[in-house]
Each structure stands twice: as structure tokens, then as C-alpha cells.
Amino acid sequence: MEVIGKSVIRKEAIDKVMGRANFTDDFHTVRMLSGKMVISPYGHAKIVSIDTMEAWQVPGVRAILAGERFPLTGEAIRDRPPIAVDKVRYHGEPVALVVADTPVQARKAADLIKVQYELLSVVNSPTQAFQKGAPLVHEHLGEYKKEEDSFSVPGTNIATHIKIRKGNMEKGWADSVTVVEASFSFAPSDHVAMETRCATAEIMPDGTITIMTSSQAPFMVKRLLSDYFGIDLGKIIVHTPLVGGAYGGKAPVQLEVLAYLASKAVGGKPVKIFNTREEDIITSPCHIGLDAFVKLGAGLNGKIYVAEIRYLWDGGAYSDKAIDVTRSGAVDCTGPYNIENVWCDSYCMYTNHPYASPYRGFSHAELSFAIERTMDLLAQKLNMDPLELRYINAIMPGDTTPTRVLLNKSNVGNLRKCIEKVRELIHWDEGAVKEINNRLIRVKGVGCSWKTSTIDIDAPSGVILTFNRDGTINLMSGVIEIGTGTKTILAQILAERLKMDVDNIYVKMEVDTQTTPEHWKTVASRGTFMAGRAVLKAADDVLDQLKEVASCVLRAPKEDLEVAGSRVFLRDDPSIGLHFKDIGHGYKYPNGNSIGGQIIGRGSYILRHLTHLDPDTGAGKPGPEWTVAAYGVEIELDRRDYTYRLVKACTVVDIGRVMNEKAALGQVMGAMSMGLAFAGRETFYFDELGRVLNPQLRTYRPLRYGENPEYLVGFVETPQLDGPYGARGVGEHGLMGMPGALGNALSIAAGVSLNNLPLIPELIWKAKEALM
């Protein structure tokens, strides 16, 4: 490999470090209007009246949208009005939208809108939502339009119920000598992307709608706007420039709908809607919460025979993407362990919380916390090394997943190798516990995870390659550059296949749905896998065209030609050949005759052999592969005040093949930092009215500079045979095991089982006090 595996500098790096990179809010026209939302101050309330009289008196106000019934929106279930009518279902829900000449005028008018509410009973947790007689968040659930694989239960708060039924539970419990069970809980939180969400919309005189948005899914924006409002797909053009972080939060479609409605209300003029940080935290989709119950049965040798699991996902006020997260949590419900007998119920529950979207890991960091804490409880009960327990039960080729997919070396990798490498990196054999003094204790905790991608079974990805006259190549893909460096990886894949200098490949960063080939969504660690396959196909198309023209000019059969170094030449005599610049736009003979033309390569890929899940058993193939990983966290706890310091964090992923070493390290370390912040401090605090009490970065605190531990990252390479050059996705996997490993370390250090997040000193103190 000449390019694959090398630490190639990212294609957009210079623009970003020089401050030249443009994000959605950087694009503005002189005549662009501003939209500003009025949001609900309550979690659940009836809208009695909306008074807009004073707001209309503010100079510059062009439109006020309030009290109107627009088509219901949502992906899995159409249950969400773009602007609330009749009642509000979460704190932060838009109840009105003001369009004015400037942001200041729009904000001033929005503040003058008076909304009278009548408070309703609040559903403040998924467990409460699950109880009989709980207040209904959606009284008309059975009347909504929904997808076939959404299994809502009218008359309840259940948006969907996914069942996994594998093996024989009676036999599993009969074979088990030791049983452990535990409950776990944590509230929703936020993605805290550096760039808050932003969308603009303009309707042209011919009816063409142009949207610019900081989205992970511009093609889904196009499709859903068409579905919601009955607009021809060809009339909707969506632009997405660079995106300043997303982590799943920018996969749903929200502000784009509001921007379109705002533009329509002012005669098609361009309107921008830009979230403040507070709006981004509470108004737009959040990171899902979870209440979980896990029960495991095992033999004295540590072999797990049976698992009974219930996940109650906090989908919030509207189902949207939470239903997909619920399904994803079900298919990998056991974690990366071979358990023959499984009974899992995964529920998406409506609550009066901000509605949920995917979060880096797509339910797997959340379920892994519950599974990995239970694994440590089992290890304690068996008096067994927790790393050894995981090694014994590690899922392997020849085993089957909870949805009964038979695994092989290609589609699951090698978890045991990951565990062995973690053992080395964190010096596990030197001991998990070290007494520093009477107050301080250092403890190591471990965990594992796995993940498949439960995306649409017909999800596509396409790539177009065009030649410049100097022999360089333009690469166009619908993948969004959200900070992962995926488009640089695509350039590396192309350079490797064409055996050319990666610096001679130019990657278009902005996506334009009218001219860029479709990529389903930039989510679920699918960018490299799917677009990479499309790049390889496009590269083969280019190779064939190059050889076709060169064959005529060099008077040699195509099979005698080789391509490398931006040249096409005779395999047996490389001195005879042509440079790309001579044939990339056709070849001109000395007498002026010409053949060929601009070489344009195309390639597309669609996932194969994926199926829907059986609604009664969960059987089916939801994704192409399962990436496995192992983790370790070392902490130093002060046993007097229960504060702690993160000392080391370790992740080992079976990545298939490392495509760009420094990019992979950066992805994993960044994900680990997010995982530790989610586990250690990030959460929403709700009051009895369902209000988020900490919607600013003063009170919602990710990890700050200087608080990070030493990061240790390792890779195992078991090639995925159908992946581009054997690669698997890696964008999410550094995060997924951090909560479980941190929870295990702190539980040992504090001498108490910690089953709730975030793991703040107050939680540890309360857990200790409960034992006294």
C-alpha cells in the first residue's frame, strides 16, 4: 500500500486552521431575513391563547407564524407539528416563529409575543411513561401516519416496541448456577457540537426551493420536504457546506422545515434560522436517555447462558429518530458476548422531554453501560477477573448475533485480540487496585462493546470523478465533512487504486443535492464503507476509460496497459505511455484529429443482503458487519470527598484496516473524550414541570482543556472482506465503552455499585450514604 494507512493531511485542514472554512451561518446575502423562534417554557401544557399584537408593531417584522396547522413531520411516525398547536409537549418546543429584516428585530418581536398556557401533568421519565395510567403525551397516537416497521401502541406512551427472542429461556435459566440482575438509568443530554444548527431557505419564482443547512443528511432533507408538503423532488435543492461537528444531532430534519415555512410566509424571500446555544440544547433534538433492566444467568466457569433485558428509551416528546435508536439498541442488546438464549424488549417511550436523535454510537454507548456494569457484577459474584470473564464470553466467528446472523472472521473481527491488547496497554496484570495513601486510591475498570449499523436496507452511496486538463481529478461524493476526515480517506482510496499522488485529487467539500451523487446520510460510521466502495467502482470505470483511449493511441491491447503515477503505459515497457493530461480530456493527434473526451467516472454502492427484522422474534440481518472493541479506564478517587481524576483511558478497536493512522487516532481519542464527558458529567436536570434547568454551557459542562486523561489507543486489523481495502468504520467506537469502563472503575474504588449516570461525586456520596 502506497497511500492507504499513511497519515495524509486532511483536504480541508488548511482552510480550517487559517479560518477560511465556511459553515452554514457564514453564508449571507444582503436581502436575507432572519427567523426567530418563540419556545415553550413548560414541558407539558395546553396552549390557551397566543397574542401577537405587540410583536407586529416592531419595525422590520415581515411575518409571524403561530397557531397554524401545518403537515405533521417526523421520520418513523408523523407525530410532530413544526410549530406547536393545541399543546406543547416539551420545554423548548417552538410555539411561534417571527420573520424580520434583522436578527435583533426578530428577537425583539419574539419576546413580545404573549402565550397563555394551562399546565398539564408531566411525564418525566421513560419508566413513568411505561406505567399504566400515566398521562398520555400523544392522545391520538393511532391516527398518525407511520412506517411499517414502527410498532406503536395506541392508548399508551409506547412509540415502538422491538422484540428479540432467541433460543430457549427455560433451558438457559435451568443451566445457570449464578444469576445477577440490576437496573440502570440516565437522563437525556446534548451533543454540544461546536457549530449550533442553522438553516436557510429561499423559494425562487419558478417554485424551486433552495435550502442551505448544517445537516448530516441533505438528501433526507430533500426527500422529507417533498413528502411533507407534496413538492416535486426536482424542485428542492439542498446545499451543505462544512459542518462543525454533528455526532448524530444533525441527522434529523427540523430547522429546514421552519426555514421553508418562513420563506413561504414572506413570498419566497431568503430566511435564515440560527440556533443560539440554549436553543440548540433544548429546542433541537437531544441525546437519548435510558432506563434499563439486565438479568444474566451463568455457570460457575463464567459462561453466560441466558440474558433477559428491558430497555426503556427516553424518546422525548416526538419519536422521529428515537425509533431507529430503539431498534439499534435491540439488535445488539447483549453487547459483544455469545449468549444463546436472549429475551429483550426495547421500547421507545414518549415523555415530556426534548425529543431524541442519534448520538455518536447510536444507542450502543447507552446499552453498553448497562451490560458492562452487569458483567462486572457477575465477575464479582463469581470472584472472577472481569477481563477474563469478557474473554471467555467474547463473540467469535461461528457464533450468532441476537438477531440470529451467523458471524465469520470478516464480519465480526477479533474481540479476544482487542481484550489482550487492552490488557497489555493498561498493565492489567500489575493489578486493578493501587492504594496511594489513606485518602487516594487508583483503580482500573474495563469493558467491551460492538456495533452494527441498522440503517435503511436500500441506503445508497454514489461517487463521480471528473478529469481536469492538467491530469488532476475532482472527486464528488454526498458524504458530509462533519469533522471526521472521511472525504480525505476517499481521496486516499482513489489514489491507492489509481496509483497516483493523493495531492493530485481535489475533493469537493460542499454537497449540492442537484449535482452531487446521493449518499444516504453521513451517520453510523458508514461514510468510509459505503462511499469507499463507490469510489472503487468509479476508479475502475476511470481505469477502463483511460485504457480505452490509450489503447488506440499506443496501438496496444488494453490488457497490456498499466496505470500508475498519473500515466498509462505498456506493462513491459513503461517508457512508452501517456500522461493523464494527454488523454483525460481526449487525445489530439498531430494532424488535429481527436478521440475520446473528458473522462468522467461514476460508481455507486448499495448495501446487500440486509433484511427487515421479524416483528415477533427480531430475526434478521440489520447491518453488514459488527465492529468490536475493548476498553480500560484508570481513575484516582479521593475517598474523603468522592472527587476523582481521570488518569488513563484506553481503547482497542478491530478497525479492519487502518486507512489514515493519525486520522484514526484522532477519531478514537475524540470519541473517548466524549464518552468520558457523557459518563462523568453531561446530563439534563429536569424539574417537576419538565423544564431543563441547565441549558447553557455555564451549567452544562463537557470536559474542559486540562481535564482529559492520557489516551492509549490500539488497533487490531482483521480485514472486512467487502470493505474498501478491508476497512471498517471507526468514528463512534472510541466512545461506546467509556461509560461502562468508568462506571466499573469508580464502583470498585468507592466500594458501591454505581448504576446511574452521570458519575459525579454527589452520586457516589449518595450511593455510599445509602449503604450506611
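Helices and strands are taken here as DSSP runs, numbered from the N terminus. I note at the outset that the model is predicted.

**Entry 1: the second largest pocket**

I looked up the second largest pocket and found a volume of about 840 Å³. I counted its lining at 41 residues, with E147, D149, R327, D456 and H612 lying nearest the centre. Helix 6 gives the most, namely four residues.

**Entry 2: helix 10 and helix 19**

I next examined helix 10 (residues 364–382) against helix 19 (residues 738–750), whose axes come within 8 Å of each other and cross at roughly 35°. I recorded the crossing as right-handed. On the side of helix 10, I listed A365, F369, E372, R373 and D376; these meet P739, G740, G743, N744, S747 and I748 of helix 19. By class, I found four nonpolar, four polar and three charged residues in this contact.

**Entry 3: R423**

Where does R423 lie? I placed R423 in helix 13, which covers residues 415–425. I then looked for its contacts, leaving aside neighbours within four places in sequence, and found D385, L387, E388, W428 and D429. With one of these, D429, R423 makes a polar contact from side chain to side chain, at 2.9 Å.

Conventions: Residues numbered from 1 in each chain as written. Predicted model: local features only at pLDDT ≥ 70, side-chain atom pairs only at ≥ 80, totals over all residues. Heavy atoms only, no water. Axes fitted to C-alpha atoms, helices over the stretch in contact; angles between N-to-C directions. Helix = DSSP H or I, 4+ residues; strand = E, 2+ residues; numbered from the N terminus. Left-handed = near helix turned anticlockwise from the far one by under 90°. Contact = heavy atoms within 4.5 Å. Nonpolar A, V, L, I, M, F, W, Y, C, P; charged D, E, K, R; others polar. Polar contact = N/O pair within 3.5 Å; in protein donor to acceptor, adjacent residues only side chain to side chain. 1 Å grid on protein atoms, 1.4 Å probe; cavity = no way out; pocket = protein on both sides within 12 Å on 5 of 7 lines; lining within 4 Å. Points joined across faces, edges and corners; volume = space filled by probe spheres on them.
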